[in-house]
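Reader: I would like a close look at a single part of this model, with its surroundings described in turn. Please give the cut-offs as you go.

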Amino acid sequence: MARAMFEYTKTVLKKVSFDATLFCKELQKALQRLLPYEIEELKIFIKSLILQNPDLNQCLIYLKE
């Protein structure tokens with residue numbers, strides 16, 4: 001079940017990556033519902049998305065490093 005939530009989150013984030021504001025909102029939701037190890041995997045995924053769309057860089061503040 002938890003893995004399905006992670007995959008669903010990745011799908012949603014890909015779909016909203018055209019709008020940085022919407023992306024940040026979805027990222028905040030994802031951080032509330034994912035497990036700690038999934039958040040670490042999500043950070044890697046988001047960094048690859050940022051390479052494709054630099055506007056999303058502002059959302060990194062939600063990923064406490």
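Author: Serine 17 lies in the loop between α1 (2-15) and α2; helices here are DSSP runs of H or I with at least four residues, strands are runs of E with at least two, and both are numbered from the N terminus. This is a predicted model, in which local features need pLDDT of at least 70, side-chain atom pairs count only at pLDDT 80 or more, and totals for chains, interfaces and linings use all residues. Residues are numbered from 1 along each chain as its sequence is written, and side-chain values use heavy atoms, with hydrogens and water left out.

With a relative accessible area of 15%, serine 17 is buried (buried means under 20% relative accessible area, exposed over 50%, partly exposed in between, with a 1.4 Å probe and protein chains only). Apart from neighbours within four places in sequence, serine 17 is in contact with Phe23, Asn53 and Leu56, where contact means heavy atoms within 4.5 Å.

Not counting residues up to four places away in sequence, asparagine 53 touches Ser17 and Phe18. Asparagine 53 is 18 residues from leucine 35 in sequence, and the two are 26 Å apart in space, C-alpha to C-alpha.

The axes of α2 (residues 20-33) and α3 (residues 36-52) come within 11 Å and cross at roughly 165°; axes are lines fitted to C-alpha atoms, for helices over the stretch in contact, and angles run from 0 to 180 degrees between N-to-C directions. The two helices, α2 and α3, are therefore roughly antiparallel to each other (over 145 degrees; under 35 is roughly parallel, 65 to 115 roughly perpendicular and the rest oblique). Phe23, Leu27, Ala30 and Leu31 of α2 make the contact with Ile39, Leu42, Ile46 and Leu49 of α3. The residues of this contact divide into eight nonpolar, no polar and no charged; Ala, Val, Leu, Ile, Met, Phe, Trp, Tyr, Cys and Pro count as nonpolar, Asp, Glu, Lys and Arg as charged, and the others, Gly among them, as polar.

Cysteine 24 and cysteine 59 form the bond, with sulfur atoms 2.0 Å apart (the rule is a pair of cysteine sulfur atoms within 2.5 Å). The pair links distant parts of the chain, 35 residues apart: cysteine 24 in helix α2 and cysteine 59 in the segment after α3. The link is left-handed, with -90° about the S-S bond. Both cysteine 24 and cysteine 59 are buried.
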